[in-house]
Amino acid sequence: MNNLLDILNKSVNYLEKKNIKNAKLKAESVISEVMGMERIMLYAEFERMLSEDELKKIREKLNDVINNNKKISDNNDFENMEKSEKQLKLLLDKSILYLEKNSIAESKLIAEIVFSHVLDVDRMMLFTRYKDEIEDEKIERIRYFIQKIGREKFPVQYLLNEQEFYGRKFYVDKGVLIPRQDTEVLVEKMIGILKNNILKNKNFEKNSKIHPKILDIGVGSGIIGITAALEIEDSYVLGVDISEKALETAEKNKQLLKVSNIKFLKSNLFENVEFKQFDMIVSNPPYISLNEAGIMSDDTLLHEPSEALFAENDGLYFYYEICQKAADYLADFGYLLFEIGYRQGKNIAKIMTSSGFKNVEVIKDLAGLDRVVVGQKIINKIEDKQID
């Protein structure tokens with residue numbers, strides 16, 4: 001539920017967990033400010049439903065309260081570092097400790113990523129430089145990055161504008177989702193089908209080149225479509241997104257990685273797509289249910305674009321929308337692939353089957369969780385002839 005009373009209670013609990021004094025009063029003040037009403041009126045309109053925009057503003061202001069109330073002593077270990085403490089290993093250890101005290105997951109990995117970036121040293125080789133002393137200018141840059149991550153829960157990928165995916169470095173910023181390792185399961189399946197099914201089985205004239213045609217819906221930073229274009233060199237890839245910012249980022253990655261066989265188009269799903277003979281449609285759409293926001297990490301909720309995370313209808317909205325039209329845009333025997341939430345496998349397999357797709361399969365990730373669903377468009381020629 002996203003009614004006013006429910007959100008108020010959740011806000012109080014959230015502030016109490018962060019050891020904020022007078023949590024109830026501060027939660028009421030934040031929500032009354034966002035809602036534009038007196039505090040006393042919050043309880044008079046307790047059944048009022050809040051919009052996503054209002055929820056986002058409340059989350060931001062609650063975290064402002066937390067950041068503004070942090071005790072100075074929480075930061076002493078890192079901020080009051082003596083000038084003589086310039087040795088890489090000592091600075092790295094203090095950075096890790098600071099991040100841990102600020103409840104940052106994978107503190108060691110994140111600190112190493114920051115040091116690797118600032119010092120221009122491969123992360124796996126940092127240990128060879130442990131005794132080196134770091135220059136003051138670089139210490140200040142490291143301090144800035146580490147404190148921003150600790151205080152604001154700012155994702156390191158956005159700070160450094162970089163995330164590795166499938167062995168390549170992609171540019172990312174706050175306009176797009178941060179690429180996850182889970183998506184590599186989708187990419188592996190995509191590449192496997194393209195190489196083992198489409199390239200081997202398609203009927204083309206002898207000695208002619210096969211050019212698989214791929215549509216990436218909701219392209220985001222471009223990681224899926226660009227990886228397909230690079231791994232399948234003779235492919236033609238079209239990436240579509242409704243977000244101008246996402247398309248700008250995808251285009252930037254196209255230039256950075258020197259990819260020539262992909263182009264991007266602004267489109268609300270299939271709206272502006274004219275070609276209708278794709279060999280594959282692939283999508284990692286928003287799939288998080290709106291009522292799951294409370295269990296997500298602070299850095300994701302605060303900084304990643306909500307429109308790329310959440311979907312209506314228990315997170316299934318875009319799967320219904322894409323499945324309804326995908327067959328019209330696929331060539332015979334073409335494939336439709338989705339990344340999914342770990343509890344959505346059965347539902348999405350059912351959606352694909354009811355939309356006419358055959359050979360529907362749910363694929364698990366390394367943790368044994370449902371992660372990808374794939375189906376195929378197969379025309380029954382016998383039935384077609386009977387209908388004719």
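This is a predicted model: local features need pLDDT of at least 70, side-chain atom pairs count only at pLDDT 80 or more; totals for chains, interfaces and linings use all residues.
Colleague: Where is valine 185 found, and what is it in contact with?

Modeller: Valine 185 sits in helix α9, and once its neighbours within four places in sequence are left aside, its contacts are Ile363, Lys364, Asp365, Arg371 and Val372.

Colleague: Let's go to the start of the chain. At what angle do α1 and α2 pack?

Modeller: Helix α1, residues 4–17, packs with helix α2, residues 23–35, at an angle of about 135 degrees, and their axes are 8 Å apart. That angle is why α1 is called oblique to α2. The crossing of α1 past α2 is right-handed.

Colleague: Which residues meet there, and what classes are they?

Modeller: On the α1 side they are Leu4, Ile7, Leu8, Ser11, Val12, Leu15 and Glu16, and on the α2 side they are Ala23, Lys24, Lys26, Ala27, Glu28, Ile31 and Met35. Sorted by class, this contact of α1 with α2 has nine nonpolar, one polar and four charged residues.

Colleague: What about α6 and α7, how do they pack?

Modeller: Helix α6 (residues 107–119) and helix α7 (residues 136–152) pack at an angle of about 150 degrees, with 10 Å between their axes, and α6 passes α7 in a right-handed crossing. From α6 the contact includes Ile110, Val114 and Phe115, and from α7 it includes Ile142, Phe145 and Ile149. By class, the contact of α6 with α7 has ten nonpolar, one polar and two charged residues.

Colleague: Switching topic, which residues have the most contacts inside the largest nonpolar core?

Modeller: They are Met190, Met280 and Leu337, in a core that has 32 residues. Among the elements that give two or more residues to this core are α9 (183–201), α11 (244–256), β6 (278–283) and β9 (330–339), and α9 gives the most, with eight residues.

Colleague: What is leucine 337 in contact with?

Modeller: Leaving out neighbours within four places in sequence, leucine 337 has contacts that include Leu186, Met190, Ile193, Met280, Val282 and Val373. There is also a second, separate core of 30 residues, and Leu119, Tyr158, Leu160 and Ile178 are among its members.

Colleague: Is threonine 249 buried or exposed?

Modeller: Threonine 249, which is in helix α11, has 2% relative accessibility and therefore counts as buried. Apart from neighbours within four places in sequence, threonine 249 is in contact with Tyr171, Asp173, Val176 and Ser221.

Colleague: Last one, what is phi for asparagine 161 and for phenylalanine 333?

Modeller: For asparagine 161, phi is near 55 degrees, a positive value in a residue other than glycine. Asparagine 161 lies in the loop between α8 (156–160) and β1 (163–165), and its relative accessible area of 28% makes it partly exposed. Phenylalanine 333, in strand β9, has a positive phi near 70 degrees, and with a relative accessible area of 47%, phenylalanine 333 is partly exposed.

Conventions
Residues are numbered from 1 along each chain as its sequence is written. Side-chain values use heavy atoms; hydrogens and water are left out. Axes are lines fitted to C-alpha atoms, for helices over the stretch in contact, and angles run from 0 to 180 degrees between N-to-C directions. Helices (H or I, at least four residues) and strands (E, at least two) are DSSP runs, numbered from the N terminus. Angles under 35 degrees count as roughly parallel, over 145 as roughly antiparallel, 65 to 115 as roughly perpendicular and the rest as oblique. A crossing is left-handed if the near helix is turned anticlockwise from the far one by less than a right angle, and right-handed if clockwise. Contact means heavy atoms within 4.5 Å. Ala, Val, Leu, Ile, Met, Phe, Trp, Tyr, Cys and Pro count as nonpolar, Asp, Glu, Lys and Arg as charged, and the others, Gly among them, as polar. A nonpolar core is a set of buried Ala, Val, Leu, Ile, Met, Phe, Trp, Tyr and Cys residues joined through side-chain atoms within 4.5 Å. Buried means under 20% relative accessible area, exposed over 50%, partly exposed in between (1.4 Å probe, protein chains only).
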